[in-house]
Amino acid sequence: QILYLKPPWTLANLLKCYKQHWMAVFGFVVPRSLLSTVECLYKHLCPGKTIDSSTASVLLQESKKLLHAFSSRSDYHGVLPRAYAEVNKLYQTLAEVRAALQDFSEDVMVLSENAVCEKMEATTPNLQNYEEKKLHPSFHVAQENRHQEIWSVLEGVWNTINLYSNEIFQKLDLSAVTVTAKSSFEEAFLGLQKLLAAVNDIREGISR
(Lines give C-alpha, C1' and ligand atoms only; values in the text may rest on other atoms or scores of the structure.)
Protein backbone atom coordinates (compact mmCIF):
# COMPACT_ATOMS: atom_id res chain seq x y z
CA GLN A 1 0.00 0.00 0.00
CA ILE A 2 2.87 2.39 0.60
CA LEU A 3 5.26 1.27 -2.14
CA TYR A 4 6.95 4.07 -4.07
CA LEU A 5 6.35 2.19 -7.35
CA LYS A 6 3.90 -0.68 -7.85
CA PRO A 7 4.90 -3.97 -9.49
CA PRO A 8 5.67 -5.28 -12.02
CA TRP A 9 9.09 -3.69 -11.74
CA THR A 10 11.85 -3.01 -14.19
CA LEU A 11 15.39 -3.03 -12.82
CA ALA A 12 15.30 0.77 -12.68
CA ASN A 13 12.01 0.72 -10.75
CA LEU A 14 13.35 -1.88 -8.33
CA LEU A 15 16.48 0.13 -7.55
CA LYS A 16 14.38 3.30 -7.16
CA CYS A 17 12.27 1.46 -4.57
CA TYR A 18 15.41 0.41 -2.75
CA LYS A 19 16.60 3.99 -2.59
CA GLN A 20 13.20 5.42 -1.61
CA HIS A 21 12.53 2.93 1.19
CA TRP A 22 16.13 2.38 2.30
CA MET A 23 16.07 4.26 5.59
CA ALA A 24 12.60 3.08 6.62
CA VAL A 25 12.81 -0.57 5.54
CA PHE A 26 15.94 -2.00 3.99
CA GLY A 27 18.35 -0.19 6.29
CA PHE A 28 16.95 -2.25 9.16
CA VAL A 29 17.53 -5.55 7.31
CA VAL A 30 21.02 -5.04 5.89
CA PRO A 31 23.85 -2.61 6.74
CA ARG A 32 22.84 0.94 5.81
CA SER A 33 26.21 1.52 4.18
CA LEU A 34 25.04 -0.71 1.32
CA LEU A 35 22.98 2.22 0.04
CA SER A 36 26.14 3.21 -1.85
CA THR A 37 25.99 -0.18 -3.59
CA VAL A 38 22.39 0.43 -4.69
CA GLU A 39 23.29 3.90 -5.95
CA CYS A 40 26.29 2.50 -7.83
CA LEU A 41 24.11 -0.11 -9.56
CA TYR A 42 21.47 2.48 -10.42
CA LYS A 43 24.02 4.93 -11.79
CA HIS A 44 25.63 2.45 -14.19
CA LEU A 45 22.82 0.04 -15.10
CA CYS A 46 19.71 2.20 -15.42
CA PRO A 47 20.75 4.88 -17.94
CA GLY A 48 21.21 2.10 -20.53
CA LYS A 49 24.70 3.19 -21.48
CA THR A 50 27.46 0.82 -22.48
CA ILE A 51 29.95 -0.07 -19.75
CA ASP A 52 33.49 -1.41 -20.05
CA SER A 53 34.68 -4.72 -18.62
CA SER A 54 36.32 -3.21 -15.54
CA THR A 55 33.08 -1.38 -14.61
CA ALA A 56 31.10 -4.58 -15.25
CA SER A 57 33.42 -6.43 -12.89
CA VAL A 58 32.81 -3.82 -10.17
CA LEU A 59 29.02 -3.96 -10.68
CA LEU A 60 29.01 -7.76 -10.41
CA GLN A 61 31.02 -7.55 -7.19
CA GLU A 62 28.60 -4.98 -5.80
CA SER A 63 25.65 -7.17 -6.79
CA LYS A 64 27.20 -10.14 -5.00
CA LYS A 65 27.71 -7.96 -1.93
CA LEU A 66 24.06 -6.91 -1.91
CA LEU A 67 22.73 -10.46 -2.43
CA HIS A 68 25.03 -11.80 0.27
CA ALA A 69 23.77 -9.19 2.73
CA PHE A 70 20.12 -10.15 2.14
CA SER A 71 20.97 -13.85 2.51
CA SER A 72 21.41 -13.24 6.24
CA ARG A 73 17.64 -12.58 6.43
CA SER A 74 16.25 -15.32 4.17
CA ASP A 75 17.00 -17.44 1.10
CA TYR A 76 13.68 -16.18 -0.35
CA HIS A 77 12.46 -19.68 -1.25
CA GLY A 78 15.75 -20.54 -2.99
CA VAL A 79 15.63 -17.58 -5.36
CA LEU A 80 18.49 -15.71 -3.72
CA PRO A 81 21.06 -18.59 -3.80
CA ARG A 82 20.29 -19.20 -7.48
CA ALA A 83 20.67 -15.51 -8.26
CA TYR A 84 23.94 -15.33 -6.35
CA ALA A 85 25.27 -18.41 -8.18
CA GLU A 86 24.41 -16.90 -11.57
CA VAL A 87 26.01 -13.55 -10.74
CA ASN A 88 29.11 -15.32 -9.42
CA LYS A 89 29.33 -17.47 -12.57
CA LEU A 90 29.06 -14.35 -14.72
CA TYR A 91 31.79 -12.69 -12.65
CA GLN A 92 34.11 -15.69 -13.08
CA THR A 93 33.44 -15.79 -16.83
CA LEU A 94 34.20 -12.09 -17.15
CA ALA A 95 37.45 -12.55 -15.22
CA GLU A 96 38.50 -15.38 -17.57
CA VAL A 97 37.65 -13.33 -20.67
CA ARG A 98 39.56 -10.30 -19.37
CA ALA A 99 42.59 -12.51 -18.63
CA ALA A 100 42.42 -14.04 -22.12
CA LEU A 101 42.17 -10.58 -23.72
CA GLN A 102 45.15 -9.41 -21.68
CA ASP A 103 47.22 -12.37 -22.88
CA PHE A 104 46.09 -11.73 -26.46
CA SER A 105 47.07 -8.04 -26.22
CA GLU A 106 50.50 -8.98 -24.92
CA ASP A 107 50.96 -11.48 -27.78
CA VAL A 108 49.95 -8.85 -30.34
CA MET A 109 52.39 -6.40 -28.78
CA VAL A 110 55.22 -8.93 -29.02
CA LEU A 111 54.32 -9.72 -32.64
CA SER A 112 54.26 -6.02 -33.46
CA GLU A 113 57.66 -5.49 -31.85
CA ASN A 114 59.06 -8.46 -33.76
CA ALA A 115 57.63 -7.10 -37.03
CA VAL A 116 59.27 -3.72 -36.39
CA CYS A 117 62.60 -5.40 -35.64
CA GLU A 118 62.37 -7.51 -38.80
CA LYS A 119 61.58 -4.42 -40.87
CA MET A 120 64.53 -2.56 -39.40
CA GLU A 121 66.82 -5.50 -40.09
CA ALA A 122 65.55 -5.75 -43.67
CA THR A 123 66.12 -2.05 -44.37
CA THR A 124 69.69 -1.95 -43.03
CA PRO A 125 71.48 -4.97 -44.57
CA ASN A 126 74.36 -2.93 -45.98
CA LEU A 127 75.09 -1.25 -42.64
CA GLN A 128 74.97 -4.61 -40.87
CA ASN A 129 77.36 -6.20 -43.38
CA TYR A 130 79.68 -3.24 -43.04
CA GLU A 131 79.70 -3.52 -39.26
CA GLU A 132 80.33 -7.27 -39.44
CA LYS A 133 83.30 -6.71 -41.72
CA LYS A 134 84.79 -4.26 -39.22
CA LEU A 135 84.59 -6.81 -36.37
CA HIS A 136 87.71 -8.77 -35.54
CA PRO A 137 87.57 -12.47 -36.64
CA SER A 138 88.08 -13.55 -33.02
CA PHE A 139 84.72 -11.94 -32.18
CA HIS A 140 82.89 -14.27 -34.53
CA VAL A 141 84.70 -17.28 -33.05
CA ALA A 142 83.84 -16.21 -29.49
CA GLN A 143 80.21 -15.62 -30.49
CA GLU A 144 79.99 -19.06 -32.08
CA ASN A 145 81.51 -20.63 -28.96
CA ARG A 146 78.97 -18.76 -26.82
CA HIS A 147 76.12 -20.16 -28.91
CA GLN A 148 77.50 -23.66 -28.54
CA GLU A 149 77.86 -23.16 -24.78
CA ILE A 150 74.24 -22.01 -24.42
CA TRP A 151 73.05 -24.92 -26.57
CA SER A 152 75.09 -27.33 -24.47
CA VAL A 153 73.54 -26.03 -21.22
CA LEU A 154 70.00 -26.28 -22.57
CA GLU A 155 70.65 -29.75 -23.96
CA GLY A 156 72.08 -30.82 -20.61
CA VAL A 157 68.99 -29.53 -18.79
CA TRP A 158 66.71 -31.33 -21.25
CA ASN A 159 68.58 -34.63 -20.91
CA THR A 160 68.60 -34.40 -17.12
CA ILE A 161 64.87 -33.68 -17.00
CA ASN A 162 64.23 -36.69 -19.24
CA LEU A 163 66.42 -38.88 -17.04
CA TYR A 164 64.74 -37.87 -13.79
CA SER A 165 61.25 -37.95 -15.32
CA ASN A 166 61.78 -41.51 -16.49
CA GLU A 167 63.06 -42.41 -13.05
CA ILE A 168 59.99 -40.91 -11.36
CA PHE A 169 57.45 -42.50 -13.70
CA GLN A 170 59.07 -45.88 -13.25
CA LYS A 171 58.90 -45.51 -9.48
CA LEU A 172 55.24 -44.47 -9.62
CA ASP A 173 54.48 -48.11 -10.44
CA LEU A 174 53.80 -49.04 -6.83
CA SER A 175 54.14 -52.76 -7.48
CA ALA A 176 57.78 -52.19 -8.45
CA VAL A 177 58.73 -49.93 -5.54
CA THR A 178 61.34 -51.40 -3.21
CA VAL A 179 63.08 -50.11 -0.10
CA THR A 180 66.32 -49.55 -1.99
CA ALA A 181 64.55 -47.61 -4.74
CA LYS A 182 62.83 -45.19 -2.36
CA SER A 183 65.89 -43.03 -1.79
CA SER A 184 66.47 -42.88 -5.54
CA PHE A 185 62.90 -41.66 -6.05
CA GLU A 186 63.36 -38.95 -3.42
CA GLU A 187 66.64 -37.87 -4.99
CA ALA A 188 64.95 -37.65 -8.37
CA PHE A 189 62.13 -35.54 -6.93
CA LEU A 190 64.53 -33.16 -5.16
CA GLY A 191 66.60 -32.95 -8.32
CA LEU A 192 63.56 -31.91 -10.31
CA GLN A 193 62.85 -29.14 -7.82
CA LYS A 194 66.37 -27.79 -8.31
CA LEU A 195 66.05 -28.12 -12.07
CA LEU A 196 62.79 -26.18 -12.00
CA ALA A 197 64.57 -23.24 -10.38
CA ALA A 198 67.44 -23.54 -12.87
CA VAL A 199 65.08 -23.58 -15.86
CA ASN A 200 63.26 -20.50 -14.51
CA ASP A 201 66.62 -18.71 -14.23
CA ILE A 202 67.46 -19.64 -17.81
CA ARG A 203 64.06 -18.47 -19.03
CA GLU A 204 64.46 -15.12 -17.27
CA GLY A 205 67.94 -14.79 -18.73
CA ILE A 206 66.66 -15.45 -22.24
CA SER A 207 63.86 -12.90 -21.70
CA ARG A 208 66.43 -10.27 -20.67
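Which side chain of opposite charge is the nearest to K64, and is K64 buried or exposed? K64 is buried yet takes part in no salt bridge, and the nearest side chain of opposite charge, that of E62, is 11 Å away. Here buried means under 20% relative accessible area, exposed over 50% and partly exposed in between (1.4 Å probe, protein chains only), while a salt bridge is a side-chain nitrogen of Lys or Arg within 4 Å of a carboxyl oxygen of Asp or Glu. For charge, Lys and Arg count as positive and Asp and Glu as negative, with His and the chain ends not counted.

The model is predicted, so local features need pLDDT of at least 70 and side-chain atom pairs count only at pLDDT 80 or more, whereas totals for chains, interfaces and linings use all residues. Residues are numbered from 1 along each chain as its sequence is written, and side-chain values use heavy atoms, with hydrogens and water left out.

- K64 lies in helix α3, residues 53-71, helices being DSSP runs (H or I, at least four residues) numbered from the N terminus.
- Apart from neighbours within four places in sequence, K64 is in contact (heavy atoms within 4.5 Å) with Y84, V87, N88 and Y91.

**Salt bridges**
- Two salt bridges are found in a search of the whole structure.
- One of them joins K65 to E62, with the closest N and O atoms 3.3 Å apart; both residues lie in helix α3, three residues apart, about one turn of the helix.
- Within this pair, K65 is partly exposed, at a relative accessible area of 41%, whereas E62 is buried, at 16%.
- E86 forms a salt bridge with K89, the closest N and O atoms being 4.0 Å apart, and these two residues are three apart in helix α4 (residues 79-123), about one helical turn.

**Buried side of helix α2**
- In helix α2, which spans residues 35-45, the residues T37, V38, C40, L41 and H44 are buried.
- They are on the same side of α2 because they cover an arc of only 160° around the axis, the arc being that of the directions from the helix axis to the C-beta atoms.
- The buried residues of α2 pack against α1 (11-20) and α3.

**Nonpolar surface patch**
- L3, W9, L11, L14, L45 and I51 form a nonpolar patch on the surface, with about 480 Å² of accessible area together.
- Such a patch is made of residues with over 30% relative accessible area and no salt bridge, nonpolar side chains (Val, Leu, Ile, Met, Phe, Trp, Tyr) being joined within 5 Å and like charges within 9 Å; accessible areas come from the Shrake-Rupley method with a 1.4 Å probe, and for residues only the protein chains shown count as cover.
- L11, which is placed in helix α1, counts as partly exposed at 45% relative accessibility.
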